[in-house]
Amino acid sequence: MTRPDRLHIDTADEWHRLSPWMMAVKPVELLPSLVPVLIALVFAGQGAPLFTMIATAVIVPLVTVVPWLTTRYQVTDDHVRVRSGLVTRRVATARRDRIRSVDLTASPVHRLLKLQKVKIGTGGDDESSAVTLTALPIDEARALHDNLMATRPHGAMSTAQDGEPPASADHDTEVLARFETSWLRYSPFSVAGLALAAGAAGLAAQIANDAGVFSDGIGIARDAFDAVRQTAIGLVIAGVALVVTVVGALLSVLAYVLNYWNFRLIRHADGTLRTERGLLTTNAISFDEQRIRGSHLTEPVLMRPLKGARLHAIATGSTKHPLLLPPAPIDEAMRVAGLVTHERAELTTPLVRHGRTASLRRLTRGFLFGAIMCAGLVVAVVAGAVPAPWVAVGVLAVLVSTALGGVRARHLGHRVTARSVVIAPPTVARQRIVIDRDGVLGWADRSSIFQRRNGISTLTVATAAGAEHYAMVDVDDRTAAAITGEVSGDWMRPFLTP
């Protein structure tokens, strides 16, 4: 059934199947979990081809035809309901008055078949609270999105249901931010490339292990290790750093393009925000702007010289950290923050530092981490596992780790403004977390034995949005009491009075 530009409202006993092309999409989605089964079938086929044929004849329908035949859905004036399962029946329901987000995702297979995956969030904190329609035609998916998120005027929807063409809602939208190719200069300076490299290395190692490369190549590995031991330590470090930098930068650029190409942040007239992004797999997320309770600005350490940052909102509901801007110029992030969260001033306000004790704790932890690494290398040198020049690496680790501790100490701070609580955690990447005072639900004060000796503690803000708790680390006791009294004085004062 095709529903271009409008949505058919079902009756209580009216149900529909998803697109038949779901039988092609489902195996692709299940492919990671099916890999062990496929490997087992390949090896079993060498000794028992009949068993492999029977198993294939059973498995293929189970992952293709059966899910499509047993999955039905309906969209009524009160809810969206999906019914699935053969042996165990499952019914997922999203009440219209509880719908908080509608995500449209299209993998390369979806796009080839002109389908989209619809995920409806109802404000729950886990995946089980979402209602998912795996494969809908594009027109039907978009019509469902527009109807559920109310991005079209209700009068236009009524006219469409009476048989007349629906009115366009394009004039009711405002593009707040749009991808620019100049943002690509920030892509090499993220950890996305290292994550991709680690995943690729893990997969390659698994394949090599299954193929017996490790057992056959022990001699090669030993020769390579001996060659490294005989090479000057400076050349080894420089070579490794060069390879990691080049490979990581290339993979980071690739990841950035795949994830954020064609990014757009759109505001609809009814206050709904929508983000669209992706090159191969497209992703569109809509969420209610009124559910935003703050913002989270991150300046990765490698992007700071280029004045780059990324911006997320802190929101309630199933979409707790909606992306407002990918890595981009910090001026653009500030502009978007001013348009969406109205917290540009809070993101730039000077912070209240946590004092000398907090700084010393950061430096001490950094020094101890580097010292442990240095001690490990010294033990390896004494045992003859590595040559003596490797001690220099340990000394360098102490210096770098201590310096990073100083960076973390400089980033630590907080500020309470007339409308928000601003938290800067002690991280290497500079961060600003802004929480609306209206979104604060409670406080927790915790101190370790070392903190109590220095009269400091960790003050945690409880909220229903984002991570649901944000910590001010190493705040002195007097300041902690003043913060809770100022922000939540009406209901915290009885607990603060001696």
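## Salt bridges

The count of salt bridges comes to 12, a salt bridge being a side-chain nitrogen of Lys or Arg within 4 Å of a carboxyl oxygen of Asp or Glu. The model is predicted: local features need pLDDT of at least 70, side-chain atom pairs count only at pLDDT 80 or more, and totals for chains, interfaces and linings use all residues. Residues are numbered from 1 along each chain as its sequence is written, and side-chain values use heavy atoms, with hydrogens and water left out.

Glutamate 276 and arginine 274 meet through their side chains in a salt bridge, at 2.7 Å from N to O. Arginine 274 counts as buried at 11% relative accessibility. Buried means under 20% relative accessible area, exposed over 50%, and partly exposed in between (1.4 Å probe, protein chains only). Salt bridges also link Glu174, Arg267 and Glu289 in a network.

## A pair within helix H12

Glutamate 332 forms a salt bridge with arginine 335. Their closest N and O atoms are 2.6 Å apart. Both residues lie in helix H12 (residues 330-340). Because they are 3 residues apart there, about one helical turn separates them. Helices (H or I, at least four residues) and strands (E, at least two) are DSSP runs, numbered from the N terminus.

Glutamate 332 is buried, with a relative accessible area of 17%. Arginine 335 is partly exposed, at 31%.

Arginine 361 pairs with aspartate 474 in a salt bridge, the closest N and O atoms being 2.9 Å apart.

Arginine 361 counts as buried at 15% relative accessibility. Aspartate 474 is buried too, with a relative accessible area of 0%.

## Packing of H14 on H15

Two packed helices are described by the angle between their axes and the distance between the axes. The axes of H14 and helix H15 (residues 391-411) come within 7 Å and cross at roughly 165°. Axes are lines fitted to C-alpha atoms, for helices over the stretch in contact, and angles run from 0 to 180 degrees between N-to-C directions. H14 and H15 are therefore roughly antiparallel. That class covers angles over 145 degrees; under 35 is roughly parallel, 65 to 115 roughly perpendicular, and the rest oblique.

H14 passes H15 in a right-handed crossing, meaning that the near helix is turned clockwise from the far one by less than a right angle. By class, their contact has 15 nonpolar, 8 polar and 2 charged residues. Ala, Val, Leu, Ile, Met, Phe, Trp, Tyr, Cys and Pro count as nonpolar, Asp, Glu, Lys and Arg as charged, and the others, Gly among them, as polar.
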